[in-house]
Amino acid sequence: MSANGSILSTVSTTKVFGGLLAVSDVSIDVGPKSIVSIIGPNGAGKTTFFNMLTGLYRPTAGRILFDGQDVTGRRPDLITAAGVARTFQNIRLFSTMSALENVMVGAHTRMRAGLFGSILRTPSVRREEAAITENAHEMLDYVGLKRDLHEQTAANLSYGDQRRVEIARALASDPKLLLLDEPTAGMNPQESQALTQFMDQLRREKDLTILLIEHDMKVVMGVSEHIWVLDHGEKIAEGEPDEIRQNNRVIEAYLGKQES
Amino acid sequence: MEAAGISADAALKPRTSEVVAEFISRYGLIAILIAFPAYYGIQDLINDGNLNRIGNNLVDGLSNGAIWALVALGYTLVYGIIELINFAHGEIFMIGAFSAFALWEPLGITADTGTAALILGLLVTMVAAMLVSGSLNVMIERVGYRPLRGAPKLAPLITAVGFSFILQNVGILWLGASQRAVPDLIHSQRELFGFFGVSVSRGDVLAFVAMIPLVLLLTSFVGQSRLGKAMRATAQDPEAAKLMGINVDTTISLTFLLGGLLAGAAGLINTLYQTNVWFFQGFTAGLIAFTAAVMGGIGNLRGAVLGGLIIGCIQQISDNRIGNEWTPAVIFAYLVLIMTFRPQGLIGEETREAG
Amino acid sequence: MSTIQELRTKPWAAYLLPGVVIIAAALFPLFRPPLDGFMDDCILALAYVMMALGLNLVVGFAGLLDLGYVAFYALGAMAVGWWASDFFTGAGGEKGIHIGVTGFAKTLPGIHVNFLLLVVGAIIVCAVAGAIIGLPTLRLRGDYIAIVTLAFGEIIGRIFANGDEITFFGDYKLSNGRQSISPIDSIDVPALAPFDSALNLRPYYWTIFAMVLVVLFVNFRLRDSKLGRAWIALREDEVAAASMGVPLVKTKLLAYATGGAFGGISGAFLGAYFSSVNANQFQFGFSIFILAMVILGGLGSIWGVVLGAVALSFVNIRLIPDVLDQGFVGDALRDAGLKFSFTEISFGVFGFILVIMMVLRPEGLLPERRRKMELTEGIGETESVFEARV
């Protein structure tokens, strides 16, 4: 935990691509076990910001602190090992692997099996493999994937089921912070509602902090304890849902985009 | 809450560490390229008291390099537009060389032919070689790469390797498995002029004189013509190009055609210069020219020419000083170094993916 | 249910066919004379199977296109060339250095190390070499990986082909250049007399057969393990894999190292079997030969690759010279006035196989379930330029 009690803090995080300032001086503090959101019009830099949090991009400037450690510019797999997991905006499952195998890959950082252990299938490796398999089944059950679909190739699953598997895969690494990038994209209102309830359940049962990128305002307003608004890479507002709803700059940013 | 922010201006300036890294990798590459001739140049000064030997090396190197530049352009054009290494391109060069040579006898061109007839005859064979290589390249794209556009990058690359092998075998069947001497039509080794103790042969001049107009034609075509613009647009952003009404398929075929034309021309020039042909020349040429393209910056036309000239020099110095059995290893070592430390080459910019 | 259907449902059914094949292959030498041309071909085929399995690990499982696999063959072969022959005559004084060797070899000058120890040595050397070769490729895109690995294959091949010009510690040459290093010690297994390839091929057969079984075992174990899943994830979507915690560098290097090690074992075996090591064999064409086996059999499919390796090995040894050249096809062509020998075009044939397979059946003869989907339905390559145009 950082000094100010947040599980995640970014300090003036900035990302420049060539001449393009994608994210500019964004600082946020996320309290533990909270559900928080980042919103903003398209192209505001939200996914870029996520990518910095997970190590896919190295920030041009600024720092990122997670769980008391400075993870700025750390490799993605190390950040995952530290307890950050994510889903992607356009689902990135390993499509030719089964749902179960996808989730088992998610558990990579929790497994200790090495090259020789795997070849020899020592008792500890066997136990671990069985435990991870069982755990993967549980994760898939937890997100609501029917048992007979667990071994189904991921590419053959319905869109909704694929989203479920992605979340299960993220959960498999036993994270402290879960980053969900537009989890309700492509969902109808009932499904979005179900996901909202699910997120709440997750936060309670799995002792997680959840950071969302979302466009669906009902979901955002309904579930977030704190919201940050990005526009053109800058943080233009933050606060609780009610404040944000009435914030003029925010309204302008969204409306302005619609007019042009 | 206002944390200590940085101004947008400050954020846009590249970070010092990035600037330094860019500087080191670019000038480091230049340094290891220059070090090679410099080392031997110094040796010459000590041993001979003059720079004649290294001068000759460089002249021969530049002329070889002119040929490689033409082949490298083919690689870079294709890679620029579809991000595929046309592995068979070296063999396109070889087939061009073979085709040109094969026409000499039927056309009655020999070492004794008069100058005017010789020039005319050679132009005819050059055009023929260009057409053969160009159409072969287009055919390969059509048959082997286009059907695989939905497939992972692995697939067309393997097909390319397969074609390379097939064509090599065509070469074996055509003119045999050993090197084949060809008539020295232009007396390529005869000195044309000298300067400061360095000898420039007729072959050297030919290579350069032939390369320059071809390169100029190509760059003006790509830079100014409508089709050239279509090529550049497709290379930059294929989806946008399609939306703007550019026929992407035709544009790609055109690119392959151009690359093949240049390789065919290079084939003829090389045959005149080296006075021999060999089925295996495409493999070596291909890798040398590809190294040249990467060294200059893949996707970049000027880079391909620059890279070709540089690689030619390295090759010549290595042949002359270390031994030509080692030259491939030397060139590949440079290739590995470039790919490891500066894959964008000397001039290269990042092509499509940013960040 | 019919008997066949009943059999299919038994848990051990999947092992039935492979089991029968393995037992048949194990017993096969007993039904042939000790010195048998066909057994010779099979031994060679098995050595190629091992190499193809190694390359399959790199290209098939992890999706790293390695076009320089010949480097591992070279390193394994040179290991026995150096340390199981009289190449380094003069080492250890007049007597030579002997480790674990018995019988005749013990009296020879030069360095002589027991074959089994050399296999271990070849594994270590090739694993390290694999990691070194892999290092420059870590940040590169797929086709660049192909070029860099090809370059390494050529560099190593050339170094050995010109190794007679490199000397160290005074007179010791690095290799014999274009000439063979010969003879190589025969394989000497503890408790048995040293093998003699002029008298009895059976022990050689069983040795390579046993080694192939071990390699198969390792392949199956790895495929269904944490590492195997990591390789496939990496192959499918590197970015997602890294985000799930797969360490890209380590995982890729392990693929190169493990795959390369198999090549080294096979190279060492072949050196000992032929009793000769010649740097002329270390050509790019060899890498393509092995690659063609993997493609033919099916990228990533273990049994497929075995099939592909056996098939191409016999095409190379038998089909081309015996059936096509000497058989009716060759006669027909000669009658038509075409004068060429099929042996001359063996590499063209392999090139043709590569093209045909990629265009018509990219998933191979015995496809791995996953690859079939990737290659036929274009699934799994999120950032392919080609896909954008479809």
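Predicted model: local features only at pLDDT ≥ 70, side-chain atom pairs only at ≥ 80, totals over all residues.
Chain C has 390 residues, of which 54% are buried. Its secondary structure consists of 16 helices and 4 strands.

The contact draws 43 residues from chain C and 42 residues from chain B. On the side of chain C, five elements each supply at least two residues: helix 6 (142-161), helix 11 (284-297), helix 14 (346-360), helix 15 (369-377) and helix 16 (385-389). Helix 6 of chain C gives the largest share, 12 residues. By class, the side of chain C that touches chain B holds 28 nonpolar residues, 7 polar residues and 8 charged residues.

Within chain B, helix 2 was examined along its length. Helix 2 of chain B covers residues 16-47, 32 residues in total. At 1.5 Å a residue, this helix should span 46 Å; the C-alpha atoms at its ends lie 44 Å apart, so the two values agree. The bend is about 30° and falls at Ala35(B). A proline, Pro37(B), follows within four residues. Pro37(B) is also one of the buried residues of this helix, together with Tyr40(B) and Asp44(B). Just after helix 2 of chain B comes Gly49(B), with a positive phi of about 80°.

Chain A contains an open sheet of 4 strands. The strand order is 2-1-4-5, and the pairing is antiparallel. Strand 2 (20-30) and strand 5 (69-70) of chain A form the edges, each pairing on one side only. Strand 1 (residues 8-17) and strand 4 (residues 61-66) of chain A pair in the antiparallel sense over 5 bridges. One bridge joins Val11(A) to its partner in strand 4, Arg63(A). A helix packs on this sheet: helix 1 (residues 46-53) of chain A touches strand 1, strand 2 and strand 4 of chain A. The direction of helix 1 makes about 65° with that of strand 2 of chain A.

Note on methods. Residues numbered from 1 in each chain as written. Chains lettered and ligands numbered in written order. Contact = placed C-beta atoms within 7 Å. Nonpolar A, V, L, I, M, F, W, Y, C, P; charged D, E, K, R; others polar. Expected span 1.5 Å × (residues − 1). Bend = angle between axes of the 7 residues up to and from the residue. Buried ≥ 20, exposed ≤ 12 C-beta atoms within 10 Å, placed from the backbone. Pairing = 2+ DSSP bridges. Axes fitted to C-alpha atoms, helices over the stretch in contact; angles between N-to-C directions.
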